[in-house]
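Dear colleague,

I am handing over the structure we spoke about, and it is shown just below. Please read the notes after it with the structure open.

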Amino acid sequence: MKGGDGDCYYSRRQVHMANVQTEVMSPVKATRRRRNSLQAKRERLFYILVLPWVIGFLAFTLGPMVYSLYLSFTHWDLFSSPRFIGLGNYAQLSGDPLFWQSLRVTSIYSIVSVPLGLIVSLMLAILLNQKVKGLSVFRTILYLPSVVSGVAVSTVFMWVFNPQFGLLNALLGELGVKGPGWLSDPNWALPSLILMSLWGVGGNMIIFLAGLQNIPVSLLEAASLDGATLWRRFWSVTIPILSPSILFNLVLSIINQFQTFTQAYVMTNGGPLHSTLFYVYYLFENAFQYLNMGYAAALGWILFIIILVLTMIVLATSKKWVFYQGE
Amino acid sequence: MVMTSNVRRSVGRAIVYVLLIIFSLASLLPFYWMVSASLKPNYSVFSFPPQWIPWPLEWSNYPKAMTFVPFLQFFVNTLIIVVSTLIGSLMSNILVGYAFARLEARGKNVLFYIVLSTMMLPYAVLMVPQYAIFSSLGWVNTFLPLIVPSFFGNAFFIFLLRQFFMGIPRDLEDAAAIDGAGLFSTIVRIIIPVSWPAMITVCIFQIQFTWNDFLGPLIYLNKQSMFTLALGLNDFIGQYTGSWNLLMAASTVILLPILLIFYFGQRLFIGGIVMTGLKD
């Protein structure tokens, strides 16, 4: 993203010039001083307007982050005061099989559901970018699932996945296939939740659709005249132009999928046999059921670092595969 | 030659339609499964093979589901939180978004990058310390931990509004400035009236987020009289395991308002995302 300096009322150079003052006032300098005070006023206004955000950032984000780092070095049950134990929580984590299990579950879920979600949402966006009648109806229908989320959706999908009376096994039954036990089967519970995540790709789809509508028709026509096949046009024109949207969706999907919680809490309680023990679910359990606040803080910091590193890796590689039009 | 290209085009169109219909069915079927179960009497919920079209329609499932637990209370609680966060969110994000779009100051770009980077912060890392802070303020079992933060801006909304504001022609504000209008009256009289697609987008996202939020209420509200709809439904699952018709009736009632809001706001909503999306 560009900063947009050029759009602003006063450029940096003017700010700088206005700051250089001498003792003797000439008419020109008087104007400058007036401009200087106007600039100062604008700057003050900027800070007044963003003040709520700055206060909120300090009180609800930066402050808690620092506090949580401190807590991660303590043993704390919420009632007595925190007892400093150094790296004790982190040492305990490295030997905690449930911690590794939660990391494994969350990683598998993200590694499968993120690319799968991107592919499905891109496919839907491409379909919605064709010139056929009734598109706005299809767009509404395909976006509808991503409007809803949370407990109600989890409840509905518990019913969809019901082994005996659920939608999926009813459909499979019509085809003469006996469906699996879905959420009640340790081998199928995580795949079930991955399947469910595909239902909510509408947000990515809309971002892709916006990106597709930015592709100049002339470019595709030119490629077509040069004899490029549909497949070739997709890889050489559509994907490069869409790459900023892919980057945006990729980063946000990773961040979101790593924080999956509600499905695990409502639908499976992390089971069966810890097969859906998601990271944030395990963190929540430690914090609010076992009252291991220090341990939970350490879990939180590790998640933060994982997401930070993954985001950095994606952003670093993006220089190689993301193209911005007009560059 | 003309014929074959016509044939190819209509085959292509047919494929597009078939795929769109298949995906649309996949989108709608879970909703259908929910509504159809909500209208089945107890015995036909568990009939095998499953009944695709419910008959007779058991409308009494709805009042039954609404009275087993104090749903009206949960609805009022949710509404209080939704309306409060909406007010907080609009007030703070419009002002901050405007400042980033139009005013110039030292440190602005650095600050903007900090705003954007908070989007990448997992809530999980803030969960424990925020709880410690709010509980020391005595805010547990009040709506305050769910409402107050919305008055201090949100990175995503700030970004969205900033993008929109930057697309508004400057002449309007210049004219207002010449007329001697101050900053706040410029925002209220000039900016807000032309930005309502973006405002509605922010509102829909905020309503959707608050309405669907589960983790926040789960952490802070543990008295039943304070429950939101999401918490109430979760409680309901525990108490009525197996009463799928009632659970589905309750889910339908909870999902319906969000679906209706989206349906009526969608043109502006999707337009708002497309317009502000990823232009910069």
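Predicted model: local features only at pLDDT ≥ 70, side-chain atom pairs only at ≥ 80, totals over all residues.

Residues are numbered from 1 along each chain as its sequence is written, chains are lettered from A and ligands numbered from 1 in the order in which they are written, and side-chain values use heavy atoms, with hydrogens and water left out.

A search over all chains finds three salt bridges in the whole structure, a salt bridge being a side-chain nitrogen of Lys or Arg within 4 Å of a carboxyl oxygen of Asp or Glu. One of them pairs A:Glu43 with B:Arg106 at 2.8 Å, N to O; because A:Glu43 sits in helix H2 (residues 27-71) of chain A and B:Arg106 in the loop between helices H4 (71-102) and H5 (108-117) of chain B, this pair joins two chains. Helices here are DSSP runs of H or I with at least four residues, numbered from the N terminus. A:Glu43 has 12% relative accessibility and therefore counts as buried, a term that means under 20% relative accessible area with a 1.4 Å probe, protein chains only.

Within chain B, the side chains of B:Glu173 and B:Arg102 form a salt bridge at 2.7 Å, N to O. B:Glu173 belongs to helix H9 (residues 171-178) and B:Arg102 to helix H4 of chain B, so the pair ties together parts that are 71 residues apart in sequence. Both B:Glu173 and B:Arg102 are buried. B:Lys108 and B:Glu104 also meet in a salt bridge, at 3.7 Å, N to O, and both of these residues are buried.

In chain A, helix H6 (residues 151-160) is mostly covered, with 10 of its 10 residues buried, among them A:Phe157, A:Met158 and A:Trp159.

Chain B is divided into domain 1 (2-38) and domain 2 (66-276), with bounds that come from an automatic or database domain assignment. Five residues of domain 1 and seven of domain 2 of chain B take part in the contact, which means heavy atoms within 4.5 Å. The two domains of chain B bury about 490 Å² between them, 83% of it on carbon and sulfur atoms; this buried area is the accessible area (1.4 Å probe) lost on putting the two parts together, summed over both. Across this interface of chain B, the rule finds zero salt bridges.

With best wishes

Conventions. Buried < 20%, exposed > 50% of the residue type's maximum accessible area, 1.4 Å probe, protein only.
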